Amino acid sequence: MKNRLKVLRAERDWSQADLAARLDVSRQSVNALETGKYDPSLPLAFKIARLFGLPIEEIFQDGAT
């Protein structure tokens with residue numbers, strides 16, 4: 001699954017650790033999300049969308065499109 005997390009995080013000048021703290025996950029989890037090694041659970045995807053004030057579809061795209 002592709003995502004815009006790294007770009008959205010950079011636009012806010014947040015480190016991976018900053019984003020991890022806001023999401024209550026590890027920095028390693030943020031890294032795995034950004035590199036596509038891990039797909040978020042649905043609750044985490046909603047939490048990310050709320051944090052950035054965007055619909056989930058504007059952050060995450062499945063690989064089929």
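## Exercises on a predicted model

Glutamate 34 is buried, with a relative accessible area of 16%; buried means under 20% relative accessible area, exposed over 50% and partly exposed in between (1.4 Å probe, protein chains only). This is a predicted model, in which local features need pLDDT of at least 70 and side-chain atom pairs count only at pLDDT 80 or more, while totals for chains, interfaces and linings use all residues. Residues are numbered from 1 along each chain as its sequence is written, and side-chain values use heavy atoms, with hydrogens and water left out.

**Exercise 1.** Find the salt bridges and say where their residues lie.

Step 1. A salt bridge is a side-chain nitrogen of Lys or Arg within 4 Å of a carboxyl oxygen of Asp or Glu. Side chains of opposite charge can pair when their charged atoms come close. The count comes to 2 salt bridges.

Step 2. One of them joins glutamate 34 and arginine 9, with the closest N and O atoms 2.5 Å apart. Glutamate 34 lies in helix H3 and arginine 9 in helix H1, so the pair ties together parts that are 25 residues apart in sequence.

Step 3. Arginine 9 counts as buried because its relative accessibility is 11%. Leaving aside neighbours within four places in sequence, arginine 9 is in contact with Trp14, Ser15, Gln16, Leu19, Glu34 and Phe52.

Step 4. Arginine 12 forms a salt bridge with glutamate 11, and here the closest N and O atoms are 3.7 Å apart. Arginine 12 is partly exposed at 31% relative accessible area, whereas glutamate 11 is exposed at 54%.

**Exercise 2.** Describe the surroundings of the ring of tryptophan 14.

Step 1. Rings of Phe, Tyr and Trp (its six-membered ring) pair if their centres lie within 6.5 Å; planes under 30 degrees apart count as stacked, over 60 as edge-to-face and the rest as tilted. The count comes to 1 aromatic pair.

Step 2. Tryptophan 14 and phenylalanine 52 make up this tilted pair, at 5.7 Å centre to centre and 35 degrees between the planes. Tryptophan 14 lies in the loop between H1 and H2 and phenylalanine 52 in helix H4, so the pair ties together parts that are 38 residues apart in sequence. Both residues are buried.

Step 3. A charge sits over a ring if NZ of Lys or CZ of Arg is within 6 Å of the ring centre and within 35 degrees of the ring normal. The charged end of arginine 22 is over the ring of tryptophan 14, 4.0 Å from its centre. Arginine 12 also lies over the face of tryptophan 14, at 6.0 Å from the ring centre.

Definitions and conventions
Contact = heavy atoms within 4.5 Å. Helix = DSSP H or I, 4+ residues; strand = E, 2+ residues; numbered from the N terminus.
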